[in-house]
Amino acid sequence: MDDLKQRVKEMLIQRLKLEGMTPDQIDDQAPLFGEGLGLDSIDALELVLGIEQTFGVKIEDETSGLQAFKSVDALTAFIREHQGA
Amino acid sequence: MPDAPERHLPHRFPFLLVDRVLEREPGVRVVAEKLVSASEPYFSGHFPDRPLVPGVLMLEMLAQAGGFLEAEPLAGQGIFLAGVQDARFKAPAFPGDRLRLEVRFEAAFAGLTRINGTVSCESRELCTAKLLVKKIAP
């Protein structure tokens, strides 16, 4: 598996306390919020902080957040695109 | 010096738990104060022979101090406590204590704000917590 994607999944599990879940149980394409992982707005804030602290990428507004949180694949692509930017 | 807390917070006796704002930088940091009086209504029951400030009230004190991070008065705004994370109660507060309530903005996303708070008394930390505050557009 893509190394960055693996780290994104590990960050999700750690920050959102998805206890008992392993990275390979998280669907790459499933939405993070609502259905899929079933996260809520409190998790979103936690995730914004996790992404900033783990990958040094800031999610400035809701629009970019909505884009990034579409799925693990989308989030990985977002981080890759903004890292070192 | 800022106005009386009543000008900013909608809370009233016996649930206004901030007496004074000492330092205030909206959106960044607030330091406020609560003088714990021997006549606080909850002391008669918490506990009859051993008055202690309930830990949950220290969280409420931090939440109310956090209200001063908002530039505008809270009356009429939809602002609610949405969560409490990593709360630690390290030492009790007693009648007569002068509590220093310090809150700091940490992060905000999609209408949700997280603040870090510390209640201390004479430089001793009594309580630390992260509070989540939800702001609902009017």
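Which residues of α1(B) are buried? They are B:L57, B:M58, B:M61, B:L62, B:A63, B:Q64, B:A65 and B:G66. Here a residue counts as buried if 20 or more other C-beta atoms, placed from the backbone, lie within 10 Å of its own.

## Before you look around

This is a predicted model, where local features need pLDDT of at least 70 and side-chain atom pairs count only at pLDDT 80 or more, while totals for chains, interfaces and linings use all residues. Residues are numbered from 1 along each chain as its sequence is written, and chains are lettered from A and ligands numbered from 1 in the order in which they are written.

## Chain B as a whole

Chain B has 1 helix and 6 strands, in the order β-β-α-β-β-β-β from the N terminus. Helices (H or I, at least four residues) and strands (E, at least two) are DSSP runs, numbered from the N terminus.

Its C-alpha atoms fill a box of roughly 45 × 30 × 25 Å along the principal axes. The radius of gyration of chain B, 14 Å, agrees with the value near 14 Å for a compact globule of 138 residues. That radius is taken over C-alpha atoms, and the globule rule is 2.2 Å times the number of residues to the power 0.38. Of the 138 residues, 29% are buried. Among contacts between residues at least 6 apart in sequence, 65% join residues at least 24 apart; a contact means that two C-beta atoms, placed from the backbone, lie within 7 Å.

## The helix and its cover

Helix α1 of chain B takes in residues 55-66, 12 residues that should span 16 Å at 1.5 Å a residue; the end C-alpha atoms are 17 Å apart, which agrees. The expected span is 1.5 Å times one less than the number of residues.

So what lies over the buried residues of α1(B)? The cover includes β2 (29-35), β3 (78-89), β4 (98-109), β5 (112-121) and β6 (124-136) of chain B.

## How the strands pair up

Strands pair if DSSP finds at least two bridges between them. β2(B) and β4(B) run antiparallel, joined by 7 bridges, and B:E33 stands opposite B:R100 in β4(B).

β4(B) also pairs with β5(B), in the antiparallel sense over 9 bridges. There, B:F109 stands opposite B:L112 in β5(B). The hairpin of these two strands has 2 residues between them, and B:A110 takes a positive phi near 50 degrees.

## A stop in chain A

A:A68 sits in helix α3 (residues 62-68) of chain A. A:A68 is buried, because 22 other C-beta atoms lie within 10 Å. Beyond its neighbours within four places in sequence, A:A68 is in contact with A:I59, A:A74, A:L75 and A:F78.

Terms used
Buried ≥ 20, exposed ≤ 12 C-beta atoms within 10 Å, placed from the backbone.
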